[in-house]
Amino acid sequence: MFSYTSAQQQAMELLTSPAHHVMLFGGSRSGKSFVLCCALAIRALRVPGSRHAVIRRYCASARSTIGMDTMPKVLRCRFGRKLRWHFNKAENFFHFDNGSEIWLIGLDDGERADKILGKEFATIYFNECSELEYSSVQTALTRLAQNVPPLTNRVYYDCNPPGRNHWCYRVFMEKCDPVTREKFPNPQDYAAMQMNPADNRINLPDNYIENTLANLPERQRRRFMLGEWSDDVDGALWKRDMIDSARVTEVPPLSRVVIGVDPAVTGGKESDCTGIIAAGMDYRGEFYVLADESMQSSPLLWVRKALVLAKKFHADCIVVEVNNGGDLLGTLFSGEDDSVPIRQVRAFKDKFSRAEPVAAFYEKGIVHHAGNFIELEEQMCSFKSACRTASPDRMDALVWAVSELAGEKRAERFILV
């Protein structure tokens with residue numbers, strides 16, 4: 001017999017309250033996405049022919065987490081075998097016998113995402129909204145236009161809470177426009193509820209909270225176990241305002257692009273990630289962080305990922321730290337594709353000293369993040385002198401990339417990204 005947890009029942013009540021925008025935030029595995037998928041399915045089944053959307057940053061993530069996991073579990077557990085539905089794998093949408101649909105959309109899916117967002121929806125659910133840019137959310141909200149009485153059009157959000165400078169904190173906690181900081185005229189339209197793993201203990205593996213979440217580094221533990229919004233770390237090289245104030249949604253023509261790589265020492269399950277960051281420089285000498293494709297994998301797989309990224313952005317070169325890999329890394333790259341120049345660099349200074357000049361560029365407001373890079377920015381804003389946390393792989397790759405761009409002058413060319 002299916003039943004909601006106490007927290008999920010409270011969330012369901014909030015999701016049917018007068019608030020048009022509702023966000024569930026909190027730690028990992030707390031049941032947020034499950035209850036939001038329940039609410040979405042209930043609305044789809046209530047009104048025949050209604051259309052609903054789940055939007056995530058990456059199409060592959062929307063498909064694997066919602067399409068292949070959470071939503072099928074919801075439909076089986078909450079509604080049972082009598083409910084007839086079909087998942088169209090080619091187009092990424094659930095179809096019900098009453099004609100209603102739930103579409104899965106990844107904002108990275110280019111023209112296909114634009115085509116799907118050409119439809120009108122009665123509900124939009126922004127899954128892992130901390131990964132989304134506010135401008136993308138605003139654009140998607142223009143499609144909340146399907147008129148299917150008696151449904152009132154609604155917007156749902158969920159996230160593991162990022163920093164207090166993130167737009168979702170400003171919208172739901174401060175009840176203000178995250179750009180102008182003006183207070184909303186109808187703050188009651190924005191409601192939020194915290195849900196944590198402890199609220200969902202009955203559905204979690206034994207000791208998951210005590211043995212897994214409780215052993216994370218402090219900042220991650222506070223975010224993924226306690227569901228807390230993070231503050232700046234005293235003594236950290238970067239502050240969130242430094243990043244947020246220079247963030248952009250459009251990138252000008254670039255004269256140079258490089259890929260920075262900070263390799264992991266090993267490729268096992270317990271290894272650090274290999275940092276893989278794409279960054280460029282415009283004709284004014286300002287820098288743009290374009291992509292974070294860091295990954296935990298074998299050396300061959302991350303070499304291939306870096307090469308794909310270099311081709312995508314027409315990079316001048318791949319800058320790779322070789323302290324731990326030596327000439328072997330160069331051999332791996334050339335063995336896969338010898339058309340991309342590889343610049344091998346060695347670290348003679350400590351991480352903090354190498355990072356200081358790059359942090360100074362941020363202080364001047366001349367480094368722009370083209371989007372939100374949650375994991376990278378978390379490493380940057382928690383890194384300080386004598387830092388004892390896990391290796392800041394993404395940050396190191398960023399430092400190598402920007403340092404390369406800021407160094408030797410090259411012939412000008414223009415790259416459109």
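Is glutamate 404 buried or exposed at 8% relative accessibility? Glutamate 404 counts as buried, because buried means under 20% relative accessible area. Keep in mind that this is a predicted model.

Glutamate 404 has a charged partner. Its side chain meets that of arginine 343 in a salt bridge, 2.6 Å from N to O. Arginine 343 is partly exposed, at 36% relative accessibility. Shared partners extend the link: Arg256, Asp316, Arg343 and Glu404 are joined by salt bridges into one network.

The structure holds 22 salt bridges. Arginine 112 lies in helix α4 and glutamate 91 in the loop between β3 and β4, so the pair ties together parts 21 residues apart in sequence. Arginine 112 is partly exposed at 22%, and glutamate 91 is partly exposed at 36%.

Next, take lysine 311 and aspartate 337. Their salt bridge has its closest N and O atoms 3.4 Å apart. Lysine 311 is in helix α10 and aspartate 337 in the loop between α11 and β13, so this pair ties together parts 26 residues apart.

Now turn to arginine 154, in strand β7. Arginine 154 is buried yet has no salt bridge. Why? The nearest side chain of opposite charge, aspartate 189, is 7.2 Å away, and a salt bridge needs the atoms within 4 Å. A polar atom of the arginine 154 side chain does lie 2.7 Å from the backbone oxygen of serine 17. Arginine 154 is also in contact with other residues, including Leu15, Arg43 and Leu144.

Note on methods. Residues are numbered from 1 along each chain as its sequence is written. This is a predicted model: local features need pLDDT of at least 70, side-chain atom pairs count only at pLDDT 80 or more; totals for chains, interfaces and linings use all residues. Side-chain values use heavy atoms; hydrogens and water are left out. Helices (H or I, at least four residues) and strands (E, at least two) are DSSP runs, numbered from the N terminus. Buried means under 20% relative accessible area, exposed over 50%, partly exposed in between (1.4 Å probe, protein chains only). Lys and Arg count as positive and Asp and Glu as negative; His and the chain ends are not counted. A polar contact is a pair of N or O atoms within 3.5 Å; within protein, one must be able to donate a hydrogen and the other to accept it, and residues adjacent in sequence count only if both atoms are side-chain atoms. Contact means heavy atoms within 4.5 Å. Lists of a residue's contacts leave out its neighbours within four places in sequence.
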